[in-house]
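Subject: Structure handover, salt bridges and a helix contact

Hello,

Please find the structure below. My notes on salt bridges and on one helix contact follow it.

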Amino acid sequence: MAVNGSQGGPPMDGSRLPLPADKERQAPWKPTGPKAPAEQGITLGKGNVVQPGLYARAAPGIITARAEELFAWARTGSLWPLQFGLACCAIEMIATYMAQHDFDRFGVVTWPSPRQSDVMIVAGTVVKKMADPIKLLYEQMPEPKWVIAMGSCASNGGPYYRSYSVVMGVDHIIPVDVYVPGCPPRPEALMDGILRLQEKIKQDARRRGGTATTDATPAPRALPPAGAGDRA
């Protein structure tokens, strides 16, 4: 029977011809073969073939780098800080880990134990009662390790300068690598401090490897002779 003027072909208006009664409940067609899994019905094609680069053709599977710089590169992407929420700076430090800033994308993962931590973030006022516990925990951290003094109180006492109960900077008890100013500093300031610490780790690795840098640490200045400040 002709449909829409055609001789046994498909309808011209896009409609479907009725199927015979014995074919109404047949299972749909699925591709078979090794390239098309029967459970998914997906066929993978050859696609574009990426050409190997110059280094891959010359020395496949070989990377040349100094061991110190390679280890430093790995450390900068996996800093595990041991944190001290001592005062109001801890609120800003907590905000750095929230969704707006997402500190984890820098590879900075908080850790509750000093045995596996390599960075200590001192956020807040360091009182003299807390000096000994901070020093003990710092000594329990494995080498290499770094310290970030977050906020004015941890850097130099802040508004409690020359107070009877406050340490005038955490660097009086442990060495500090990065100072983050502010009272309190914003989360962006702490993120910048982590970026500065990552640069410092890389630069220290270059110095140990024998590569000279332009921003080398200057030599410490000589202390004035005793009693020089009392002279007229």
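Searching the whole structure gives five salt bridges, where a salt bridge is a side-chain nitrogen of Lys or Arg within 4 Å of a carboxyl oxygen of Asp or Glu. This is a predicted model, in which local features need pLDDT of at least 70 and side-chain atom pairs count only at pLDDT 80 or more, while totals for chains, interfaces and linings use all residues. Residues are numbered from 1 along each chain as its sequence is written, and side-chain values use heavy atoms, with hydrogens and water left out.

Salt bridges

Asp177 pairs with Lys200, with the closest N and O atoms 3.2 Å apart. This pair links distant parts of the chain, 23 residues apart: Asp177 sits in the loop between helix 5 (152–156) and strand 4 (178–180), and Lys200 in helix 6 (residues 187–208). Helices (H or I, at least four residues) and strands (E, at least two) are DSSP runs, numbered from the N terminus.

Lys200 also forms a salt bridge with Asp204, the closest N and O atoms being 3.0 Å apart. Both residues belong to helix 6 and are four residues apart, about one turn of the helix. A network of salt bridges links Asp177, Lys200, Asp204 and Arg207.

For accessibility, buried means under 20% relative accessible area, exposed over 50%, and partly exposed in between (1.4 Å probe, protein chains only). Asp177 is partly exposed at 26%, as is Lys200 at 27%, whereas Asp204 is buried at 18%.

Arg196 and Asp192 form another salt bridge, with the closest N and O atoms 3.7 Å apart. Because they are four residues apart in helix 6, about one helical turn separates Arg196 from Asp192. Arg196 is exposed, at 53% relative accessibility, and Asp192 is partly exposed, at 35%.

Helix contact

Helix 3 (residues 89–96) packs against helix 6 at an angle of about 75°, and their axes are 8 Å apart. The angle makes helix 3 roughly perpendicular to helix 6. Axes are lines fitted to C-alpha atoms, for helices over the stretch in contact, and angles run from 0 to 180 degrees between N-to-C directions; under 35 degrees counts as roughly parallel, over 145 as roughly antiparallel, 65 to 115 as roughly perpendicular and the rest as oblique.

On the helix 3 side, Glu92, Met93, Ala95 and Thr96 meet Pro187, Leu190 and Met191 of helix 6, contact meaning heavy atoms within 4.5 Å.

Regards
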